[in-house]
Amino acid sequence: MKPQCALVLVLLVVLALYCKENEAASFPWSCASLNGVCRQGTCLPSELYFGPLGCGKGSLCCVSHFL
């Protein structure tokens with residue numbers, strides 16, 4: 001039983017890493033659909049941070065208004 005548990009655990013870790021890597025592609029919306037701007041570093045004080053949402057690696061989606 002131990003080898004099967006270890007195999008399941010390894011498969012779950014690999015799946016979690018794969019999903020984390022493709023996180024931006026899994027959302028049905030993107031930064032552009034929210035009228036946001038991809039910025040390096042931090043958002044402006046008047047903007048809200050919405051995570052990567054389709055921006056490149058290391059970039060943030062900054063939205064000035066959300067409606």
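The largest nonpolar core has 6 residues: Cys-31, Leu-34, Leu-53, Cys-55, Cys-61 and Val-63. The model is a predicted one. In soluble globular proteins, nonpolar side chains tend to be buried together. A search of the whole structure finds 3 disulfides, and one of them joins the core residues Cys-31 and Cys-61.

**Chain overview**

- The protein chain holds 2 helices and 3 strands.
- Read from the N terminus, the order of elements is α-α-β-β-β.
- Of the 67 residues in the chain, 18% are buried.
- The chain exposes about 5,300 Å², and 70% of that area comes from carbon and sulfur atoms.
- Among contacts with a separation of 6 or more, 28% are between residues 24 or more positions apart.

**The sheet**

- The 3 strands form an open sheet in the order β1-β3-β2, with antiparallel pairing.
- β1 and β2 are the edge strands, each with a single partner, so one side of each has no neighbour in the sheet.
- β1 and β3 run antiparallel and are joined by 4 bridges. In this pairing, Val-37 has Cys-62 of β3 as its bridge partner.
- β2 and β3 also run antiparallel, joined by 2 bridges. Here Leu-48 has Val-63 of β3 as its bridge partner.

**Strand β3**

- How many of the residues of β3 are buried? The count is 5 of 5, so β3 is largely enclosed by the rest of the structure.
- In a regular strand the side chains alternate between the two faces of the sheet.
- Leaving aside neighbours within four places in sequence, the contacts of Cys-61 include Cys-31, Val-37, Cys-43, Leu-48, Tyr-49, Phe-50, Leu-53 and Cys-55.
- Gly-36, Gly-51 and Pro-52 are also among the contacts of Cys-61.

**Disulfides**

- A disulfide is a covalent bond between the sulfur atoms of two cysteines.
- Counting bonded cysteines along the chain, the pattern is 1-5, 2-4, 3-6.
- Cys-31 and Cys-61 are joined with an S to S distance of 2.2 Å. The link is right-handed, with 90 degrees about the S-S bond. It connects distant parts of the chain, 30 residues apart: Cys-31 is in the loop between α2 (23-26) and β1, and Cys-61 is in strand β3. Both cysteines are buried.
- Cys-38 and Cys-55 are joined at 2.0 Å, S to S. The torsion about their S-S bond is about -80 degrees, so this disulfide is left-handed. The pair links strand β1, which holds Cys-38, to the loop between β2 and β3, which holds Cys-55, across 17 residues.
- Is Cys-55 buried or exposed? Cys-55 counts as buried, because its relative accessibility is 10%, under the 20% cut-off.
- Cys-43 and Cys-62 are joined with an S to S distance of 2.0 Å. The torsion about the S-S bond is about -80 degrees, so this disulfide is left-handed. Cys-43 lies in the loop between β1 and β2 and Cys-62 in strand β3, so the pair ties together parts 19 residues apart in sequence. Both cysteines are buried.

- Glu-47 sits in the loop between β1 (37-40) and β2 (48-49). Its relative accessible area is 13%, so Glu-47 is buried.
- What joins the side chains of Glu-47 and Arg-39? A polar contact of 2.9 Å does.
- Beyond its neighbours within four places in sequence, Glu-47 is in contact with Arg-39, Cys-62, Val-63 and Ser-64.
- Gly-58 belongs to the loop between β2 and β3 (59-63). Its relative accessibility is 54%, so Gly-58 counts as exposed.
- Gly-58 lies 20 residues from Cys-38 in sequence, and their C-alpha atoms are 9.6 Å apart.
- Beyond its neighbours within four places in sequence, Gly-58 is in contact with Arg-39, Gln-40 and Gly-41.

How values were computed:
Residues are numbered from 1 along each chain as its sequence is written. This is a predicted model: local features need pLDDT of at least 70, side-chain atom pairs count only at pLDDT 80 or more; totals for chains, interfaces and linings use all residues. Side-chain values use heavy atoms; hydrogens and water are left out. Buried means under 20% relative accessible area, exposed over 50%, partly exposed in between (1.4 Å probe, protein chains only). A polar contact is a pair of N or O atoms within 3.5 Å; within protein, one must be able to donate a hydrogen and the other to accept it, and residues adjacent in sequence count only if both atoms are side-chain atoms. Contact means heavy atoms within 4.5 Å. Accessible areas come from the Shrake-Rupley method with a 1.4 Å probe; for residues, only the protein chains shown count as cover. Two strands pair if DSSP finds at least two bridges between them. A nonpolar core is a set of buried Ala, Val, Leu, Ile, Met, Phe, Trp, Tyr and Cys residues joined through side-chain atoms within 4.5 Å. A disulfide is a pair of cysteine sulfur atoms within 2.5 Å.
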